[in-house]
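My entries follow in the order I made them.

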Amino acid sequence: MKKTCTALLLILFSISASARCDSLLIMFWNVENFFDYTDQGGGGSDKEFSVKGQRHWTPKRFYAKCNGIAKTILKAGDEYGRLPDVIGFAEVENGYVVKQLVKSTMLRKLDYGIVHYDSPDSRGIDCALIYRKSSLKLNSSEPKHLYYEGGNIMHTRDILLAEFDKIDVLVNHHPSKLGEGSGNKRKTAMDRMNGICDSLVSEGHPRVIAVGDFNDTLWPSAKVGTLKYKGTWEKIDGYFARGKMKIKESVYADECLSTPDRGFGGQKPRRTYNGMKYQGGLSDHYPILIQLIF
């Protein structure tokens with residue numbers, strides 16, 4: 001099995017190295033509670049996700065999730081004929097978990113760089129991205145806070161902005177539907193995202209794409225959803241783009257990421273936990289893959 005994975009990596013690296021310079025493959029995935037198993041946290045650490053916490057988030061389970069995410073990336077790369085050039089993540093706790101994903105799995109044989117900043121989110125979760133250094137040059141990156149009308153920083157996920165030589169990428173994880181005023185918070189997030197995109201375009205940036213979990217069904221006519229809630233599929237993960245490029249998006253509803261929906265029939269994403277019970281899955285969201293041709 002190890003030899004097979006190594007051979008696949010070599011093939012993917014060869015394909016990606018020869019991929020057209022005027023095309024990119026972008027992936028986004030809400031990896032649901034991708035927490036550090038230690039107590040070092042990121043400013044709002046969920047103590048349930050520690051070795052002694054109620055969910056018993058052990059190193060073994062943490063690294064199983066790292067390997068599962070990495071294998072999904074490689075499998076998607078095999079099916080699409082190239083490795084994703086950019087992968088945006090939602091619900092990572094800190095830079096340590098992203099580093100372990102890249103350094104402790106089969107991804108270590110590749111050339112993925114990391115962009116991550118701690119956000120002021122009350123749950124201690126952030127957005128992050130990794131990118132292929134061989135296909136993109138990172139010019140700059142920064143977190144973009146969300147603000148209340150009075151100017152105070154909103155305790156939610158920052159929008160992560162990474163400016164590359166070929167495209168600018170914004171990774172979003174907008175406020176949830178829970179709590180009073182949640183709709184206004186999501187509107188604030190959308191306005192902030194659109195404002196950043198407009199500013200980049202006005203400054204002469206030719207291509208901008210914003211990917212993320214928008215916590216709203218913004219694509220109600222989508223044939224395939226990314227999240228299943230009480231038997232109903234919702235497409236809350238997606239993208240918005242500016243600039244001249246052909247775009248094809250798909251939901252990566254791979255069978256390895258799925259489990260039978262015993263309550264409502266069909267399939268659904270296989271979670272890491274259902275409540276406090278360990279399920280061994282990766283996320284309650286399916287990832288999306290976006291093919292770009294300039």
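I began with Asp284, which is buried at a relative accessible area of 18%. I keep in mind that this is a predicted model. The cut-off for buried is under 20%, so Asp284 falls within it at 18%.

Next I looked for its partner. The side chain of Asp284 meets that of Arg271 in a salt bridge, 4.0 Å from N to O. I placed both in loops: Asp284 lies between strand S16 (277-278) and strand S17 (288-293), and Arg271 lies between S14 and S15. The two are 13 residues apart, and the pair is listed as linking distant parts of the chain.

Which other residue does Arg271 form a salt bridge with? I found Glu32, with the closest N and O atoms 2.5 Å apart. This pair also links distant parts of the chain: Glu32 sits in strand S1, 239 residues from Arg271 in the loop between S14 and strand S15 (273-274).

Arg271 counts as partly exposed because its relative accessibility is 34%. Glu32 counts as buried because its value is 5%. Taken together, Glu32, Arg271 and Asp284 are linked in a network of salt bridges.

## Another salt bridge

How many salt bridges does a search of the whole structure find? I got 13. I looked up one more, between the side chains of Lys75 and Asp254, at 3.1 Å from N to O. Lys75 is in helix H2 (residues 59-80), and Asp254 is in the loop between strand S12 (246-251) and S13. The two are 179 residues apart. Is Lys75 buried or partly exposed? Lys75 is partly exposed, with a relative accessible area of 28%. Asp254, at 10%, is buried.

## Largest pocket

I moved on to open space. The largest pocket has a volume of about 1,300 Å³. I noted 44 lining residues, and the closest to the pocket centre are Leu227, Tyr229, Arg271, Asp284 and His285. By class, I wrote down 19 charged, 15 polar and 10 nonpolar lining residues.

## Largest cavity

I searched the whole structure for cavities of 30 Å³ or more and found one. Its volume is about 30 Å³. Which residues line this cavity? I listed Tyr117, Ser119, Asp126, Cys127, Pro143, Asp158 and Leu160. The lining divides into four nonpolar, two charged and one polar.

## Nonpolar cores

The largest nonpolar core has 60 residues. Those touching the most other members are Phe34, Ile69, Phe89, Leu107, Tyr112, Leu129 and Val169. Which element gives the most to this core? S1 does, with eight residues. S1 is also the strand that holds Glu32.

Leaving out residues up to four places away in sequence, Ile69 touches Trp29, Val31, Phe34, Phe89, Leu101 and Leu282. I also noted a second, separate core of 14 residues, including Leu170, Met190, Met193 and Val208.

Terms used:
Residues numbered from 1 in each chain as written. Predicted model: local features only at pLDDT ≥ 70, side-chain atom pairs only at ≥ 80, totals over all residues. Heavy atoms only, no water. 1 Å grid on protein atoms, 1.4 Å probe; cavity = no way out; pocket = protein on both sides within 12 Å on 5 of 7 lines; lining within 4 Å. Points joined across faces, edges and corners; volume = space filled by probe spheres on them. Nonpolar A, V, L, I, M, F, W, Y, C, P; charged D, E, K, R; others polar. Helix = DSSP H or I, 4+ residues; strand = E, 2+ residues; numbered from the N terminus. Buried < 20%, exposed > 50% of the residue type's maximum accessible area, 1.4 Å probe, protein only. Core = buried A, V, L, I, M, F, W, Y, C linked by side-chain atoms within 4.5 Å. Contact = heavy atoms within 4.5 Å.
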